[in-house]
Amino acid sequence: MTEAEQEKAPDLNALEQEGEIAADYVEGLLDIADIDGDIDMDVEGDRALVSVVGLKGTELVGPAGEVLEALQELTRLAVHRQTGERSRLMLDVAGYRERRRAELTKLGTEIANQVKERGEPKSLQPMTPFERKIVHDAVAAAGLRSESEGEEPQRYVVVLPA
C-alpha cells in the first residue's frame, strides 16, 4: 500500500471508537425517553454505522426521516465533542435507511429511464445528502449523469440526458 493509500484508508480503530461513543450516547437518549431498543454497531466503508433495532414505533424516525436526521446530527456532535474530530457516522433506526436506500435506488433508475426516453433533464424533490448520493449512484449505474443544485436544505438532484 502506498503512503497516499494509507492516508486515505479509514482508521478502523478510530471508526470503532466513534461507534462506541455514538452507541453510548444513543443508549442514553433511549433511556431518558424510556424507549426500548437494542444498539448494533458496525463499520461500513469509511464511516461508523450505529443502528437502533427492535423498536415498535417510528417516533425516532419521524416524517420523512426528519427526527432520525436530527438524532444523527446530535450523535455526531457528541462524537465530535469527545474526539475533536468531525464524524461521518451514520445512524439508522428500525431499518429506515435501508428501506429508504432501496426506494431511492428504484427512483433513480426509473427517472434515468424517463430521461433516456424523453431526452430532457428531470429535477427531483429536495433531499438530504444521504438521499442524493443514492440517487446519483443509481443514475450513474443507469449510464447517465446527474448534478445537485440549490442550497441546503432545498438541494435537489437533476438527472441529465446523455
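A nonpolar core is taken here as a set of buried Ala, Val, Leu, Ile, Met, Phe, Trp, Tyr and Cys residues joined through side-chain atoms within 4.5 Å. Buried denotes under 20% relative accessible area, exposed over 50%, and partly exposed the range in between, with a 1.4 Å probe and protein chains only. The structure is a predicted model, in which local features need pLDDT of at least 70 and side-chain atom pairs count only at pLDDT 80 or more, whereas totals for chains, interfaces and linings use all residues. Residues are numbered from 1 along each chain as its sequence is written, and side-chain values use heavy atoms, with hydrogens and water left out.

The protein chain contains five helices and six strands, where helices (H or I, at least four residues) and strands (E, at least two) are DSSP runs numbered from the N terminus. Their order along the sequence is α-α-β-β-α-β-α-β-α-β-β. The C-alpha trace spans about 50 × 45 × 25 Å along its principal axes. Of the 162 residues, 35% count as buried. With contact defined as heavy atoms within 4.5 Å, residues 24 or more positions apart account for 55% of the contacts with a separation of 6 or more.

In soluble globular proteins, nonpolar side chains tend to be buried together. The largest nonpolar core of the model comprises 18 residues, of which Leu30, Val52, Leu55, Leu60, Leu91 and Val93 touch the most other members. At least two residues of this core are supplied by each of α2 (12-33), β2 (47-53), α3 (66-83) and β3 (90-93). The largest share, four residues, comes from α2. A second, separate core of 16 residues includes Leu49, Leu124, Ile134 and Val157.

Val52 lies in strand β2 and counts as buried because its relative accessibility is 1%. Beyond its neighbours within four places in sequence, Val52 is in contact with Val26, Leu30, Gly37, Asp38, Ile39, Leu91, Asp92, Val93 and Ala94. The C-alpha atoms of Val52 and Leu91 are separated by 7.9 Å, although these residues stand 39 residues apart along the chain.

Two helix pairs were examined. Axes are lines fitted to C-alpha atoms, for helices over the stretch in contact, and angles run from 0 to 180 degrees between N-to-C directions. Angles under 35 degrees count as roughly parallel, over 145 as roughly antiparallel, 65 to 115 as roughly perpendicular and the rest as oblique. A crossing is right-handed if the near helix is turned clockwise from the far one by less than a right angle, and left-handed if anticlockwise. For residue classes, Ala, Val, Leu, Ile, Met, Phe, Trp, Tyr, Cys and Pro count as nonpolar, Asp, Glu, Lys and Arg as charged, and the others, Gly among them, as polar.

The axes of α2 and α3 come within 9 Å and cross at roughly 125 degrees; α2 is therefore oblique to α3. The crossing of α2 past α3 is right-handed. Residues of α2 in this contact include Ile21, Tyr25 and Val26, which meet a set in α3 that includes Leu71, Leu74 and Val79. The contact is made up of nine nonpolar, four polar and one charged residue.

Helices α4 (residues 96-118) and α5 (residues 129-141) pack at about 45 degrees, with their axes 8 Å apart, so that α4 is oblique to α5. This crossing, too, is right-handed. Eight nonpolar, three polar and four charged residues form the contact of α4 with α5.
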